[in-house]
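Please look through the model shown here and read the notes that follow beside it. They take up a loop residue, then a helix, and then several strands and their partners.

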Amino acid sequence: MQRAVHVVGVGMIPFTKPGASEPYPVMGARAAQLALQDAGVDYAEVQQAYVGYVYGDSTAGQAAIYGVGLSGIPVFNVNNNCATGSSALYLARQAVESGMVECAIALGFEQMQPGALKGAWDDRPSPMVRFAETMVAHQGLDAAAPRAAQFFGGAGLDYMKQYGIRADTFGRISVKARQHAARNPLAVFRQTLTLEEVMASPQVFGPLTRYQCCPPTCGAAAAVLCSADFAKKHGLDQRVTIAAQAMTTDTASTFDSDDMRRVVGYDMSAAAARQVYESAGVGPEDVQVVELHDCFTANELITYEALGLAPEGGAEKFILDGDNTYGGRVVTNPSGGLLSKGHPLGATGLAQCAELTWQLRGQAGERQVEGARLALQHNLGLGGACVVTLYQAA
């Protein structure tokens, strides 16, 4: 029988624009120390560390963890593109649930550079070659537009073609994100925007304007996980449990469907969500709060349907009815999401974990979702990986 896994401590530092942050080892150590302090756990009690980052040299995880302590424990470096933080969380949860360890820490950080994402190597094949070839065959290539925006903007265009929705429906997601982020002191963009301002910002690709694309961001976040026995022995907060978690990667449909929504991970997301709901014995209608991967507004919109929050073709109505915010059916991205809180790639999944842990504890301040008992996390990385996690309040 699998053991319960509790999230007993979370920590997150304020996210910043590139050039305004501390070096990654400092950011990572600060986030880990915050999570340990929140848990009330001494680092000497931690038995394994899983550390995620995308842009950094090998063993950067050790460089950050060594700022917390030099206890000699195993430190695993994790890189799964934008799903890196939740991949570290997945491994830490697996270690505790299996009985391999009683207490583990998952840490994610990123020290990013300004501008659009780009690969670090030009002397070897990119892991994204097959994805890029599929995209170009489907919609061509715009040499002036960032590649990530072409992937997700193309998904938005395919959705528009199938369901005939308005372009400004995507823009409404950015308006909502800024309204939520205005309540979050840890977010990088806290100024609200009108729909007119979002739609008047420079065009990037397809339905996406500049304010519908997440910014490059620096930051760090962490979580301490442990068994029920460890929590009881040390008198730790057991209010938040990981009720179910699933990780998926690409299948043939990513490349064979002639649909950019599937190229950017719709099927991975839907499969992971199904596994989580089945494992926990709940449905999307039971969830009160969600942190999902809104790297672009188009991805948030299609993910509503992948997670079952809205029926197929129902995302526009879901948005226009206000069912994605306070007073609606399920509050999505109360933190402001990647669009407004920021997206330091390795930290994102653990920042989502921190937000949902605070929500289930009733510690989210002005962002608090009333009556939150079940919280869903969705973290996606092209290339590809998707992690969906369901948290439950005691």
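In this predicted model, Asn 184 is found in the loop that lies between helix 6 (168-181) and helix 7 (195-200). Is Asn 184 buried or exposed? With a relative accessible area of 2%, Asn 184 falls under the 20% limit that is used for burial, and the residue is therefore counted as buried. A polar atom of the Asn 184 side chain lies 3.0 Å from the backbone nitrogen of Leu 186. When neighbours within four places in sequence are left aside, the residues in contact with Asn 184 are Arg 190, Ser 335, Lys 341 and Arg 367.

Helix 15, which covers residues 345-361, has 17 residues and reaches 26 Å from its first C-alpha to its last, a span close to the 24 Å expected at 1.5 Å a residue. Because 17 of the 17 residues of helix 15 are buried, this helix is largely enclosed by the rest of the structure. After helix 15 comes Gly 362, whose phi is positive, near 75 degrees.

| Strands | Sense | Bridges | A bridge pair |
|---|---|---|---|
| Strand 2 (residues 48-52) and strand 3 (residues 75-78) | parallel | four bridges | Ala 49 and Val 75 |
| Strand 9 (residues 289-291) and strand 11 | parallel | three bridges | Val 290 and Leu 376 |
| Strand 11 and strand 12 (residues 385-393) | antiparallel | eight bridges | Leu 380 and Cys 386 |

Strand 2 and strand 3 run parallel and are joined by four bridges. Between them the chain passes from strand 2 through helix 2 (residues 60-65) to strand 3, and this β-α-β crossover is right-handed.

How much of strand 11 (residues 374-381) is buried? Eight of its eight residues are buried, and the strand is mostly covered. Both faces of strand 11 are covered, with Leu 374, Leu 376, His 378 and Leu 380 buried on one side and Ala 375, Gln 377, Asn 379 and Gly 381 buried on the other. Leu 376, on one of these faces, is the bridge partner of Val 290, while Leu 380 has Cys 386 of strand 12 as its bridge partner. Strand 11 and strand 12 form a hairpin that has three residues between the strands, and in this hairpin Gly 383 takes a positive phi near 125 degrees.

How values were computed: Residues numbered from 1 in each chain as written. Predicted model: local features only at pLDDT ≥ 70, side-chain atom pairs only at ≥ 80, totals over all residues. Heavy atoms only, no water. Helix = DSSP H or I, 4+ residues; strand = E, 2+ residues; numbered from the N terminus. Expected span 1.5 Å × (residues − 1). Buried < 20%, exposed > 50% of the residue type's maximum accessible area, 1.4 Å probe, protein only. Pairing = 2+ DSSP bridges. Right-handed = clockwise from strand over helix to strand, strands pointing away. Polar contact = N/O pair within 3.5 Å; in protein donor to acceptor, adjacent residues only side chain to side chain. Contact = heavy atoms within 4.5 Å.
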